[in-house]
Every structure is written in C-alpha cells, then in structure tokens.
Amino acid sequence: MEKVIETQELSLNYGDFNALSNVNLPIYRNKVTALIGPSGCGKSTFLRCLNRMNDLIDNVKVDGIIRFNGEPVQGVGVDVIELRKKVGMVFQKPNPFPMSIFDNVAYGPRQQGIKDKATLKGIVEKALKQAALYNEVKDRMTESATRLSGGQQQRLCIARALAMEPEVLLMDEPTSALDPMATQRIEELIEELKKDYTIVIVTHSMQQAARISDNTAFFLLGEIIEFGQTSEIFANPRDKRTEDYITGRFG
Amino acid sequence: MKGTRTSLSQIDTIVGSLLMILALVASSFIVIIAAFITIRGILPFITDNNGLGSVNVLQFLTDTVWLRGTTFLSTAYGAGFVIINTLYIAFLTVLMSFPIGVLTALFIAKVAPRPIAATMRTIIELLASIPSIVFGLVGVGLFLPVIYGIARSMGYSSGGGSSVIATVFVLSLMSIPTITAVAEVSIRQVDESLEQASLALGASPTQTRFKITLLAAKSGIFSGAILAVGRSLGEATAVALVSGNARSGPSFGLFETTATITSTLLQGLKETNGIDYDIRFSLGILLMVVILTTNLGLNFIKRKVGNVHG
C-alpha cells in the first residue's frame with residue numbers, strides 16, 4: 001500500500017505544554033484513516049500538522065518529520081500554499097463564506113488566478129456533484145450559502161475543498177454539528193470520495209470510525225497507543241487502554 | 001415566601017413604568033426640538049419679514065446665491081448651492097477617509113503585532129475624542145497656508161487657502177478615527193473559522209484578509225461609514241473655519257471656497273437680526289431633512305448590501 005503521508009517521531013509543543021509526542025503514523029492512499037481518542041488527546045492537533053494550520057497559533061513548536069508524497073512538509077522553503085492546495089480541509093462546524101453557493105466553491109480556484117467563467121462553472125459543477133449536493137442547489141447557485149441547511153452547508157464545504165482537486169482531505173469531526181440524517185449522508189459521501197481521495201478523519205464517534213474507516217489510530221495524551229486496520233482494532237485491540245476506550249469505559 | 005414574591009413583582013412593575021416614563025421624556029425631546037426648529041424656520045416663508053416680503057420656498061431650495069448679513073438686506077437666500085456643496089463635501093470626505101480608515105483597521109486587527117496594535121488602538125480612541133474645534137484649528141493653522149501655497153504655485157486663486165480641499169481634509173481627519181474604531185471592532189469579531197477555511201484552501205493571508213475578512217465584516221464597516229457621513233454633514237465649527245463661507249456656488253473645484261449648510265447657519269449667527277437671523281432656522285430644518293434622508297438612504301443600502309449573502 002502506498003503511503004501518501006507519513007510522520008516520524010512527530011512531537012508538538014504549545015509553549016510548555018506537550019500536545020503530541022513521538023507520533024509515527026502512515027496515511028495510505030485511497031483509504032479512510034480515522035483518528036479517535038478522548039477530548040484533548042491531540043488528534044485534531046495532529047490533523048492540523050498535516051496542512052500546517054498550526055502555523056497560525058503562536059508559540060507552537062513542531063519537531064520530527066512529516067512527509068507528503070515523500071517531500072518534507074515542515075521547514076523553511078516549503079510552500080505552504082502548494083501544500084494546502086493538495087491537502088484540503090473540512091472543519092468541525094460548517095463554515096461557508098458569506099457569499100453565494102457558486103462563489104463559495106469557486107473561491108479556491110479564483111485565488112489561484114482562474115478567471116474564465118466556463119472553466120470555473122465546470123469546476124464548481126464537478127465539485128458539487130462529487131459532494132452530492134449538485135441536484136439540491138443547481139437552480140439556486142446565486143443564493144447565499146448561509147441559507148442552506150447545516151448538512152448542506154457541510155457538503156458545500158466539502159465541495160469547496162474538492163474544487164481545489166486535492167489528493168488528501170482532512171476532516172475535523174465533520175459531522176459533530178449535524179443531525180443523524182445529515183451525518184449519514186456525509187458518511188455515505190466519504191465512502192464515495194475515497195475512490196478518488198485519501199481521507200483522514202477525526203471523530204468522537206467510535207461507531208462512525210468503525211463504519212467508515214479502513215485504518216484507525218487511537219490517540220491518548222498526545223501519543224498513538226494503537227494503529228491498525230479498523231476491523232482489527234475494534235475486534236482485537238492489543239492494548240488494554242484501546243479496549244477500555246472503544247468499549248466506552250472512559251472518554 | 002409568598003410576600004417576598006409579591007413585593008418583587010411590585011418592584012418590577014414600578015421600575016418598568018419608571019423606565020417607560022424616562023424613555024418617553026427622552027424621545028419627546030426629539031419631537032420638541034424638531035417642532036421648535038420647524039416653527040421658527042417656517043417664519044421667513046410665511047411672514048413679510050418687516051416689509052421685505054416673504055422668502056420663496058422654491059427659490060430657497062434651488063437658488064445659488066446667499067446674501068448673508070444685514071448689509072444687503074433682501075430675501076435673496078438661495079440654499080440650493082449649499083445643499084449641493086454639503087453633499088459633495090460629505091461624498092469627498094467618505095471617498096478619502098473610508099479606504100484609509102478601513103485599511104488602518106485591517107492593519108490593527110490582523111497584521112500589527114500585539115503591542116503595536118494596542119498602541120494604535122489607544123491613539124485612534126484618543127483621536128476620536130478630540131473636539132472638532134481642535135481639528136478646525138489644525139486646519140486653519142496648518143492646512144490653509146499649505147493649500148494657499150500649492151494653489152498659488154499651480155496658478156489657482158484660493159481665499160487664503162479656505163477651500164473645498166481644506167474642508168475635506170479637516171472632515172477626513174475627524175472621520176478616520178470613527179471609521180477605524182468601528183471597522184476594527186467588526187473585523188476582530190469575524191469568525192476565525194472563515195479565515196482558516198480560506199487559508200486551508202490555499203489562499204494567501206493577504207487574499208484572506210481582503211476577500212474574506214473584510215467581506216464578513218462589511219456590515220460593521222458600513223456602520224462606521226454611516227457615522228462618518230453623519231459627522232461630516234453635521235460638523236459646523238471646524239468647517240466654518242476652513243471652508244471660506246462662500247456666498248454663491250456650488251463649488252466643485254478643489255481650491256474654490258465653499259459653504260455647507262452648517263457653516264452657513266453658523267456664520268455670524270450672533271451678530272445679526274431680522275430675516276438674516278430667522279433664515280438660520282430654515283437652514284436648521286434643511287439640515288435635519290438632509291441628514292435624515294441621507295441616513296435612511298444609507299441604512300437602506302446597508303440592508304440591501306448586508307442581506308445579499310449575510
């Protein structure tokens with residue numbers, strides 16, 4: 001199996017606080033990798049290392065190696081914008097821009113200088129179709145994105161990320177603000193998307209990880225306790241702490 | 001327990017009625033002021049002004065000569081050019097102060113390192129609290145000689161520097177702190193997750209600030225601009241010091257002397273009498289109407305702009 005992303009001895013400190021230590025994790029192509037663990041275990045922090053969103057926070061120090069397609073992600077001379085174009089992100093709370101549905105999806109390509117209307121229209125339609133939103137919004141492309149329902153907004157945010165044609169899609173608890181129906185639609189969508197994309201998803205829900213992921217990493221206090229095939233982790237956890245967490249004894 | 005609850009609810013009733021009475025008193029002042037100005041301001045149009053004859057309303061609204069003072073006692077009070085000047089100057093002021101104010105706010109809120117941002121925020125607050133007459137003094141002492149020199153070197157004549165441009169400069173100085181302060185607050189309130197989404201899409205920080213942050217803060221930014229327009233329309237003393245108080249117009253050239261509703265109203269108010277005094281109240285009505293309609297218009301635009309994707 002081909003590794004798209006790989007981290008070696010990754011550690012991260014916020015000032016004096018050690019958020020991640022010695023994290024070694026491979027992310028395989030066209031697989032869904034779930035990051036699970038209790039609140040504050042470092043799974044979101046880890047996710048944000050992969051597209052360097054932690055750069056935005058003061059006093060963050062990252063050590064160790066992160067490779068994307070074999071190239072280092074950290075360090076001087078790395079083009080963050082190029083990285084983020086290839087490693088897209090979907091956030092916990094749907095956060096459409098206060099502009100039209102069309103403009104939301106076209107935003108990323110436009111910032112890269114694409115101005116041609118026909119090209120943009122093509123990109124937007126393709127992304128909306130991939131995000132299974134096109135049929136619901138095709139007649140209201142100029143309407144404000146903030147008028148969509150929560151689930152639709154989140155699928156719009158997925159479409160917005162897909163419009164950049166990334167290789168990897170990072171999802172930070174993408175369904176935690178959604179109702180069960182909308183959650184189900186997003187999960188079905190993730191199933192569909194992994195044919196073309198590599199997906200890393202942070203989730204609080206063990207059931208969700210079990211349903212949609214191929215591999216699972218269990219984080220605790222900034223360390224990876226266990227990583228392996230999801231079926232394996234849930235059926236035969238090697239570590240007692242993993243077992244306790246997935247059986248709901250803590251977390 | 002029951003007794004306590006009853007007395008608490010009685011207090012609620014009493015406080016509620018007190019608040020209502022206060023609110024009624026406060027709002028009735030507006031009615032009283034408007035009524036007083038209106039009644040006084042109508043006099044020149046309906047009386048014969050001690051034999052001079054009454055002022056024609058249409059001429060008052062459209063004519064382009066204002067014969068101020070008791071020297072030329074007449075009914076030639078045409079405020080048409082004054083209205084145009086007032087709106088023109090407010091427009092130029094916003095044109096100048098809005099971009100400067102908003103960009104300053106963006107810098108303070110998003111770009112400046114924390115200590116610099118804190119210092120600049122204090123400076124802006126201080127600037128916003130300086131009385132307008134001080135800005136007028138700066139205009140008279142600093143701007144007028146410079147503008148006079150520039151105008152002369154370019155072959156224009158200007159009334160000692162008193163001009164449209166001097167007025168716009170002074171009003172912009174006064175407006176920029178207001179626009180900056182209001183815009184800065186609304187820029188800081190923008191949901192950070194929007195900016196993060198933009199960065200995560202590969203947009204640069206600069207693209208994010210201009211395309212997302214300003215867009216998301218536009219409603220607040222617009223409110224600041226409305227306040228600035230209000231201040232430009234309503235400012236009297238500073239404008240009277242640097243406008244040149246022209247008696248005719250309108251003045252579109254930047255080095256021409258000008259006159260606004262407020263400066264015309266103020267100029268020589270206490271040294272005159274008769275119709276020349278009464279007509280100032282008519283200008284008062286005009287000012288109220290102009291400010292009210294401008295505010296209504298801008299708020300209407302704000303709602304339209306804000307609702308498109310808000």
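The model is predicted, and it scores ipTM 0.93 and pTM 0.86. Chain B comprises 12 helices and zero strands, and 18 of its residues are in contact with 23 residues of chain A. In chain A, strand β1 (residues 3-14) and strand β4 (residues 60-68) pair in the antiparallel sense.

**Confidence**

- For chain B the mean pLDDT is 90, and 95% of the residues in this chain reach 70 or more.
- Among the elements of chain B, α7(B) has the highest mean pLDDT, at 96, whereas helix α12 (residues 275-308) has the lowest, at 88.

**Architecture of chain B**

- Reading along the sequence gives the pattern α-α-α-α-α-α-α-α-α-α-α-α for chain B, in keeping with its count of 12 helices and zero strands.
- The C-alpha trace of chain B spans about 75 × 70 × 35 Å along its principal axes.
- Chain B has 310 residues, of which 41% are buried.
- Of the contacts in chain B with a separation of 6 or more, 73% are between residues 24 or more positions apart.

**Domains of chain B**

- Chain B is divided into domain 1, covering residues 2-46, and domain 2, covering residues 80-306.
- A distance of 33 Å separates the C-alpha centres of domain 1 and domain 2 of chain B.
- Seven residues from domain 1 of chain B and eight residues from domain 2 of chain B take part in the contact.
- On the side of domain 1 of chain B that touches domain 2 of chain B, four residues are nonpolar, two are polar and one is charged.

**Interface between chains A and B**

- The contact between the chains involves 18 residues of chain B and 23 residues of chain A.
- On the side of chain B that touches chain A, the elements giving two or more residues are α7 (192-200) and α8 (205-216) of chain B.
- The greatest contribution to this side of chain B comes from α7(B), with six residues.
- By class, the side of chain B that touches chain A has 10 nonpolar residues, seven polar residues and one charged residue.

- B:S172 lies in helix α6 (residues 164-188) of chain B.
- B:S172 has 22 other C-beta atoms within 10 Å and is therefore buried, the cut-off being 20 or more.
- Beyond its neighbours within four places in sequence, B:S172 is in contact with B:T93, B:M96 and B:S97.
- B:V94 is 78 residues from B:S172 along the chain, yet the C-alpha atoms of the two are separated by 7.3 Å.

**Strand pairing in chain A**

- The antiparallel pairing of β1 and β4 of chain A extends over eight bridges, and A:T7 has A:I66 in β4(A) as its bridge partner.
- β4(A) is also joined by two bridges to strand β5 (residues 71-72) of chain A, and these strands run antiparallel.
- A:F68 has A:E71 in β5(A) as its bridge partner.
- The hairpin of β4(A) and β5(A) has two residues between the strands, and A:N69 takes a positive phi near 50° there.

Definitions and conventions:
Residues numbered from 1 in each chain as written. Chains lettered and ligands numbered in written order. Predicted model: local features only at pLDDT ≥ 70, side-chain atom pairs only at ≥ 80, totals over all residues. Contact = placed C-beta atoms within 7 Å. Helix = DSSP H or I, 4+ residues; strand = E, 2+ residues; numbered from the N terminus. Nonpolar A, V, L, I, M, F, W, Y, C, P; charged D, E, K, R; others polar. Buried ≥ 20, exposed ≤ 12 C-beta atoms within 10 Å, placed from the backbone. Domains from an automatic or database assignment. Pairing = 2+ DSSP bridges. pLDDT = per-residue confidence, 0-100.
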